[in-house]
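Have the structure open while you read, and take the points in order.

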There are 4 protein chains.
Amino acid sequence: MLNEYKNCIESCYLCATACDNCAASCLEEENLEMMRECIKLDMQCANICRLAAQFMTQNSDSAQALCRLCAEVCQKCGEECGKHEHEHCQKCSRACHQCAEQCRKMAA
Amino acid sequence: MLNEYKNCIESCYLCATACDNCAASCLEEENLEMMRECIKLDMQCANICRLAAQFMTQNSDSAQALCRLCAEVCQKCGEECGKHEHEHCQKCSRACHQCAEQCRKMAA
Amino acid sequence: MLNEYKNCIESCYLCATACDNCAASCLEEENLEMMRECIKLDMQCANICRLAAQFMTQNSDSAQALCRLCAEVCQKCGEECGKHEHEHCQKCSRACHQCAEQCRKMAA
Amino acid sequence: MLNEYKNCIESCYLCATACDNCAASCLEEENLEMMRECIKLDMQCANICRLAAQFMTQNSDSAQALCRLCAEVCQKCGEECGKHEHEHCQKCSRACHQCAEQCRKMAA
């Protein structure tokens, strides 16, 4: 694993955890109607973050391209989560934006 | 890959597809309130089915134990989906029960 | 799930199976030295194919972009596997090229 | 996410990273012949750790059962990696044993 990937790998797993938690927590909220898009993006963001972490850790030739796409998914998910006041959504939004930033750096 | 695993691997991927589709489709339904448990189980069932397929394909020593657990998750997901009349839920329920049966055979 | 994605989802799971099988089979070959790159690409190709299948099934806004990247990984993996005469490598090469073609169509 | 799961989720992702890294690094070692089993177990251990993390984070009813199985896979992988002197193998062995212990606690 390249040293420069370390922070980004950690951000990816923190983001995956925040997204898995946000999806499961949204499904227990009262105002479920508003959470449709949030849950959908969480499911996809968690899984692409886990794959990006694998590609970086294995120093794949496609790691940078995957980070670029992962940043886009994180960005969308972070924006959607940021619209909701639940603590899990706000926490997820921060993790997504942090991960998007790290992934963009890696992809540059 | 062992020949006896072939049908079960195929069932696992069909089940993963049915679950991914059911989760995304549930999130667009009017009666979202009733779909909470269905969406949650779909998310988990899809991912454990994909892992079970990998373990069987690679003839892992833990493939049978994972199939046993996968059968339990599929069984629960199939029962939950079976409660709802949406076509995607009914289709997912059938795929889950079919996959549960194949996984139990593999685990035996 | 959009109907136009069906063939591509199926190709992705067939490719994931071929890659998982090729990686595990390569690890039992006599001429292991030559299989280094093949095993590495197989590991990554299997996992990105599974993710692409999820994104398409859930009609993600990022499905096309992920298919584009998946096609590149499949292309590389298919070329590497094609260099080796083992039946599992040849079979994997065909599955990779088939999946690359389908993914490129989806991404277009 | 339940608070008691936090340490175990973190151990799972650290273990996944150690396994991904160990697999890729083994594939560049001179004594590749001896690393066959290590690479195979790494591939499977990384993916089951990622799934266990998802199940715990989402407080799945099957999280404990998956942790029990994950502990077994980590235990095997940690023992195999422990046989080799490469730094990545030794590091992976420690991460696997640590994760196995945490998963056993969660499963108890």
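This is a predicted model: local features need pLDDT of at least 70, side-chain atom pairs count only at pLDDT 80 or more; totals for chains, interfaces and linings use all residues.

1. Start with a single chain. Read along its sequence, chain A follows the pattern α-α-α-α.

2. Now the overall dimensions. The C-alpha trace of chain A spans about 45 × 20 × 15 Å along its principal axes. A compact globule with 108 residues would have a radius of gyration near 13 Å, and chain A has 13 Å, so the two agree.

3. Next, look at where chain A meets chain C. The contact takes 18 residues from chain A and 18 residues from chain C. In chain A, the residues that lose the most area to chain C are A:Gln44, A:Gln58 and A:Leu69, together 29% of what that side buries. As for the area buried between chain A and chain C, expect about 1,600 Å², with carbon and sulfur atoms giving 56% of it.

4. Helix H2 (36-57) and helix H3 (63-82) of chain A are the elements that give two or more residues to the side touching chain C. H2(A) gives the most to that side, with eight residues. Sorted by class, the side of chain A that touches chain C has eight nonpolar, seven polar and three charged residues.

5. Then turn to chain B and chain D. Here the contact takes 18 residues from chain B and 18 residues from chain D. The area buried between chain B and chain D is about 1,600 Å², and carbon and sulfur atoms give 56% of that.

6. Polar contacts again: the rule finds twelve residue pairs across the interface of chain B and chain D, and zero salt bridges. Helix H2 (36-57) and helix H3 (63-81) of chain B each supply at least two residues of the side that touches chain D. H2(B) gives the most, with eight residues. That side of chain B divides into eight nonpolar, seven polar and three charged residues.

7. Last, how are chain B and chain D related? A rotation of 180 degrees with 0.0 Å of shift along its axis superposes chain B on chain D, with an RMSD of 0.0 Å. The two copies are thus related as by a two-fold rotation axis. Also, 100% of the interface residues of chain B are interface residues in chain D too, so the copies meet through the same surface.

Notes. Residues are numbered from 1 along each chain as its sequence is written. Chains are lettered from A and ligands numbered from 1 in the order in which they are written. Side-chain values use heavy atoms; hydrogens and water are left out. Copies are superposed by least squares on the C-alpha atoms of residues with pLDDT of at least 70 in both. Contact means heavy atoms within 4.5 Å. Buried area is the accessible area (1.4 Å probe) that two parts lose on being put together, summed over both. Helices (H or I, at least four residues) and strands (E, at least two) are DSSP runs, numbered from the N terminus. Ala, Val, Leu, Ile, Met, Phe, Trp, Tyr, Cys and Pro count as nonpolar, Asp, Glu, Lys and Arg as charged, and the others, Gly among them, as polar. The radius of gyration is taken over C-alpha atoms; the globule rule is 2.2 Å times the number of residues to the power 0.38. A salt bridge is a side-chain nitrogen of Lys or Arg within 4 Å of a carboxyl oxygen of Asp or Glu. A polar contact is a pair of N or O atoms within 3.5 Å; within protein, one must be able to donate a hydrogen and the other to accept it, and residues adjacent in sequence count only if both atoms are side-chain atoms.
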